[in-house]
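Here is a friendly walk through one model, ring by ring and then along a helix. Please keep the viewer open as you read.

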Amino acid sequence: GENYSGHSLITKQSVRSLVYEGFRTLRLNLNFLNRDNKKQVYLVTSTIGSEGKTYIAENLSIVFAKSGKKTLVMGADLRKPKIYADFGIDNKIGISSHILSDNELSEIIISSEIENLDIIVSGPSPDNPSDLLISDKFREMMEKLKKNYDIIIIDTPPLGLVSDSLTLMDFSDVNLYVTRQNFTKKGLLTYVNDMHRNDRLGNLHIVFNDV
């Protein structure tokens, strides 16, 4: 549903709001797909910017954490990071800091004010984001994180603009494709359909945002 509150995070809204309930319903639907209650990695992307992928990723992570799941939300958009601003943290140390410098993984994991929810931001924008995501060290990082969290939610760049999301889909169990009412052009979905028919988008589900 459309968010009239003026706040990006549902923690600043009433737990009885329609938006909050919408995210609980999304969590319920995803749990329905995961009947064995396995650890899951959810990737969130869209065709272009401003369709709400970051908004979906961060609030979905909140409702999973609120349900008692040890949850991590990752800002893997290394080109135009946003998650850090919504959570009121800085972007000085993150994924790029761990992969490209000496920062340990434990140093880039930020404990949020929300119980069970940790955050990893993108860090300073590297010169070669695509190369960073295919590095052995990034793969090692993901394997370690998957062992330590029940739920990992990855916010990614728009799929229609860069290839980073396709690379990150190697690590995800479910891919959420965000479309936005009165914003996403229907013609853009032809691209998604073609990719899906060619089995390029894995376990794909559409999220219809801002209704």
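This is a predicted model: local features need pLDDT of at least 70, side-chain atom pairs count only at pLDDT 80 or more; totals for chains, interfaces and linings use all residues.

Residues are numbered from 1 along each chain as its sequence is written, and side-chain values use heavy atoms, with hydrogens and water left out.

Let us begin with the rings. A search of the whole structure finds 3 aromatic pairs; rings of Phe, Tyr and Trp (its six-membered ring) pair if their centres lie within 6.5 Å, with planes under 30 degrees apart counted as stacked, over 60 as edge-to-face and the rest as tilted. Among them is the stacked pair of tyrosine 42 and phenylalanine 64, with 5.6 Å centre to centre and 15° between the planes. This pair joins distant parts of the chain, 22 residues apart: tyrosine 42 lies in strand S1 (residues 40-46) and phenylalanine 64 in helix H2 (residues 53-66). Helices (H or I, at least four residues) and strands (E, at least two) are DSSP runs, numbered from the N terminus. Tyrosine 42 and phenylalanine 64 are both buried, where buried means under 20% relative accessible area, exposed over 50%, and partly exposed in between (1.4 Å probe, protein chains only).

Phenylalanine 138 and phenylalanine 171 have ring centres 5.5 Å apart and planes at 70°, so they form an edge-to-face pair. Here too distant parts of the chain are linked, 33 residues apart: phenylalanine 138 is in helix H7 (residues 136-148), and phenylalanine 171 is in the loop between helix H8 (164-168) and strand S6 (174-180). Phenylalanine 138 and phenylalanine 171 are buried.

Two charged ends also sit over rings (NZ of Lys or CZ of Arg within 6 Å of the ring centre and within 35 degrees of the ring normal).

| Charged residue | Ring | Distance from ring centre |
|---|---|---|
| Lysine 70 | Tyrosine 149 | 5.1 Å |
| Arginine 180 | Phenylalanine 183 | 5.6 Å |

Next comes serine 122, in the loop between strand S4 (117-120) and helix H6 (129-133). Serine 122 is buried, with a relative accessible area of 1%.

Finally, look at helix H1 (residues 18-33). In H1, Val19, Tyr20, Phe23, Leu26, Arg27 and Leu30 are buried. These residues cover an arc of only 120° around the axis, so they are on the same side of H1; the arc is that of the directions from the helix axis to the C-beta atoms. The face turned away from the buried side of H1 carries the exposed residues Leu18, Leu28 and Phe32.
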